[in-house]
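Dear colleague,

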Amino acid sequence: MPANPTTMADESLLMKVPAWWNCMTGFEEMRDKARLVSEQVLRPNAEISDREGTYPRASLQALADAGFGAVTIPKEYGGLGAGCSGFAILAEIFAGYCASTTMVWVMHTAAVQTLFMAGSEEQRQRYIPHVVRGQIGGLAFSEPATGGHFWNVVSKAPRHGDGYLLNAHKSFVTSAGEADWYIVETNSPDSPLSDPLMFLIVENNQEGVVAFPFDALGLRGNNSGPMKFNDVFVPEHNRLGEEGGAGFYNDTVIDPFFLLGSSACWIGIAQGAISTAVDNAKKKIHADTGQSVANYQVIRHEMAKAQILVDSARSMLYRVAEKMDEATRKGELLSSCLYPLWELKTHAADIVIEVTNKALQISGGRGYLKGNIERFMRDGRAGAIMGPTNEVLREWIGRTMIGVPWL
Ligand SMILES: Cc1cc2nc3c(=O)[nH]c(=O)nc-3n(C[C@H](O)[C@H](O)[C@H](O)COP(=O)(O)OP(=O)(O)OC[C@H]3O[C@@H](n4cnc5c(N)ncnc54)[C@H](O)[C@@H]3O)c2cc1C
């Protein structure tokens, strides 16, 4: 009978994976803190949130209490000042425990960063201290009329007294009815600019704000349901930036932060799935052969293929995040990083499907039963259809490759 390598544990013979391969240098302490809160709060709540479709309120508050409520905001405003690298590492860690919490947190972080970049000093002072303590922001962009083309919404908010009258139907809003405020993308028919897109801050408790339920394959704690904004009056002081011209912030804040954070989420799910599958394979011993499932070479090859896929996406993630931080330090716009972000998101959302599928196969019947593996698979499936979808991104990449405008 061949030796069972899963029972041999001579430490000196083991290959050590270098620490820098799995975490950007300098972020180890933050990663460990993220793991601790994830172990203590996110992990036990994840299964309940998925089963019952409940919003992960306690997990989100635990993240804020741990100092992760405003991670990309500078320290002088009460944020963590962790930059894009910190954002990416944290999202990746959280996703290995609870993808619903992670996606809510990614949307929230992108919303907070947009408020910070597009907002006035008064708006920063009004909102940032509260998100540091646990308030949640959301992004209400996609509309049924234009689907995944969220940069082409049809809703309007004409001027009305000393503000705007917003009427909008949004198809998917993560944290719908649960966030404290939303950045709503709409059009200003009164804008003097060629780009009529306008961002408005709408509070959840305002009259005319209606949220609908979300019952989906995965990310079931997200409350990513539709929302309607019926004759909602938005005072001028809740307009972010100019009356029009918000497309600039789509390219320089929303897309860069959402693409980075969501990619980290898909990578974290994929790593969570393959790590769980490896664990399952080591523990399952066949009585007839005396071998663990991990001792079958064909299974180990599937593990290796999955891990290489995860690490390929993670390498892209770290490289892009570091470049985004470098661009920020140099005062460059993050639109300079869009092309690599398109490749990163497409790859991360593709590999999470392949890796979770392999994890289920490696885990056998146990992987097919209700539990972590099948949840990782359902949660990760959202990546390719979340905007910009993988079809749209491949088209933009292909257009760029042949030298024609991407949009
Ligand atoms: C869990 C979840 C959370 C979400 N959270 C938010 C949120 O917080 N805020 C928000 O604004 N939106 C959110 N969305 C919406 C998301 O970003 C996309 O807009 C949405 O998933 C796209 O779905 P759709 O049915 O509208 O796509 P459609 O545009 O109808 O697409 C259907 C299919 O056509 C393809 N397709 C579309 N356009 C093209 C094209 N030009 N070329 C080639 N193929 C194309 C798509 O790739 C897809 O395969 C969320 C979606 C999900 C699933």
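An oxygen atom of the ligand sits 2.7 Å from a polar backbone atom of Gly-148, a polar contact being a pair of N or O atoms within 3.5 Å. The model is a predicted one, in which local features need pLDDT of at least 70 and side-chain atom pairs count only at pLDDT 80 or more, while totals for chains, interfaces and linings use all residues. Residues are numbered from 1 along each chain as its sequence is written, and side-chain values use heavy atoms, with hydrogens and water left out.

A backbone N or O atom of Gly-387 is 2.9 Å from an oxygen atom of the ligand, and one of Phe-172 is 3.1 Å from a ligand nitrogen atom. Of the 980 Å² that the ligand exposes when taken alone, the protein buries 69% (accessible areas by the Shrake-Rupley method with a 1.4 Å probe).

Gly-387 is also joined to Pro-388 by a cis peptide bond, with omega about -10°, and Pro-388 belongs to the loop between α11 (372-380) and α12 (390-401), where helices are DSSP runs of H or I with at least four residues.

Finally, the axes of α4 (residues 83-95) and α5 (residues 99-118), which are lines fitted to C-alpha atoms over the stretch in contact, with angles from 0 to 180 degrees between N-to-C directions, come within 8 Å and cross at roughly 160°. The two helices α4 and α5 are therefore roughly antiparallel (angles over 145 degrees).

Best regards

Definitions and conventions: Parallel < 35°, antiparallel > 145°, perpendicular 65-115°, else oblique. Polar contact = N/O pair within 3.5 Å; in protein donor to acceptor, adjacent residues only side chain to side chain.
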